[in-house]
Amino acid sequence: MVIASILAIYLSISLGPAGFKPGLALKVLWAKLRGGAPGISPGILNIFWEIRTPRVLLAALVGAALASSGAALQAVFRNPLVDPYLLGLSAGGALGCAVAVAWLPRVPVSLPAFLFAYLAAFLTYGVARLSGEVSRISLILSGIIVSAGLMALVSLIKFVVDPHRMAEIVTWMMGSFALSTWEVVRQTFLPVILGLVGLHLLRFRLNLLSLSEDEARSLGVSVERERAVVMGLAALTVGAGVAAAGIVGWVGLMVPHLVRLSVGPDHRRLIPLSMCTGAGLLVISDTLARTLTSFDLPVGIITSLTGIPFFIYLLRQQRTGGWEHA
């Protein structure tokens, strides 16, 4: 999976409306490391280094963030149908972005995106607990309710802001890497890496959190505290991802299941491999989005078209086997 993801990233830099030989990517990279690019035209250098490379790196960062967050949230809530999109984190991040664009132009977008994503996670969990037991169905329904409420607020913001700011918000809503730059990569890198490192360090604790609460407490786990930490790390990575590329759904649901089918449910392997596979999958999806047609399609369309049938497959698995067989 790691090698396949690295290969996908490398090939994606070479593919596009202006096709180049794969070896040229290495030549450009070597030239940039040496501090010069003799023999390479400025046009080719601009396409490789200023357009495709930041876009592919940003897609890899966001894919790793969404996939690892999905795997961690599925463990925390002991629910295989949970992901940042269904749980409302993406909608919370989108609301944070909309608030920043509309009224807080001097505040980094990733900060309100993180805060609102974190708030959305607790809202979803709180609504699910109203029925007494946090079942899989109640959690999904509460995620739908919270997402709908947050998206309604985003629509309200779009209605009241001026047309220029509304266009920015609409771009975020569709999920796209078309506006990727090195500056966006720099703004996204630190929060995503902090979240990924945190989830990686907690991968053993996620095995304990995936047990029942009584079993986890008997093993010395502070369930509520560690659950809040994991949700905070997931909100940090998802908020930064949404701030960079908008709402990209289904990656956090599909990738953990695909990896789990290959290596099993042990989070010591599931978390790092979900990061690599998520990065590769979103890079491939974005490559398809910009090469399938003459238009640069929003990558959210590609992930939704592949994610919906996968979700139906998971529901069928729930009827026959549940968590252990999903």
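This is a predicted model: local features need pLDDT of at least 70, side-chain atom pairs count only at pLDDT 80 or more; totals for chains, interfaces and linings use all residues.
Me: What makes Phe77 and Tyr125 a tilted pair?
Reply: Their ring centres lie 5.4 Å apart, and pairing needs centres within 6.5 Å. The planes stand at 45 degrees. Stacked is under 30 degrees and edge-to-face is over 60, so this pair is tilted. The pair links distant parts of the chain, 48 residues apart. Phe77 sits in the loop between helix 3 and helix 4, and Tyr125 sits in helix 5.

Me: How do you know whether Phe77 is buried or exposed?
Reply: Its relative accessibility is 8%. The cut-off for buried is under 20%, so Phe77 counts as buried.

Me: Why is the pair of Tyr118 and Phe122 called edge-to-face?
Reply: The planes meet at 75 degrees, with the centres 4.9 Å apart. Edge-to-face needs over 60 degrees, so the name applies. Both residues lie in helix 5, four residues apart, about one turn of the helix. Ring pairs link Phe114, Tyr118 and Phe122 into a cluster.

Me: Why does Phe122 count as partly exposed?
Reply: Phe122 has a relative accessible area of 35%. Buried is under 20% and exposed is over 50%, so Phe122 falls in between and is partly exposed.

Me: What makes Phe159 exposed?
Reply: Phe159, in helix 6, has 71% relative accessibility. Exposed means over 50%, so Phe159 qualifies. Phe159 also belongs to a nonpolar surface patch, with Trp103 and Leu104 among the other members.

Technical notes. Residues are numbered from 1 along each chain as its sequence is written. Side-chain values use heavy atoms; hydrogens and water are left out. Patches are made of residues with over 30% relative accessible area and no salt bridge: like charges are joined within 9 Å, nonpolar side chains (Val, Leu, Ile, Met, Phe, Trp, Tyr) within 5 Å. Accessible areas come from the Shrake-Rupley method with a 1.4 Å probe; for residues, only the protein chains shown count as cover. A salt bridge is a side-chain nitrogen of Lys or Arg within 4 Å of a carboxyl oxygen of Asp or Glu. Helices (H or I, at least four residues) and strands (E, at least two) are DSSP runs, numbered from the N terminus. Buried means under 20% relative accessible area, exposed over 50%, partly exposed in between (1.4 Å probe, protein chains only). Rings of Phe, Tyr and Trp (its six-membered ring) pair if their centres lie within 6.5 Å; planes under 30 degrees apart count as stacked, over 60 as edge-to-face and the rest as tilted.
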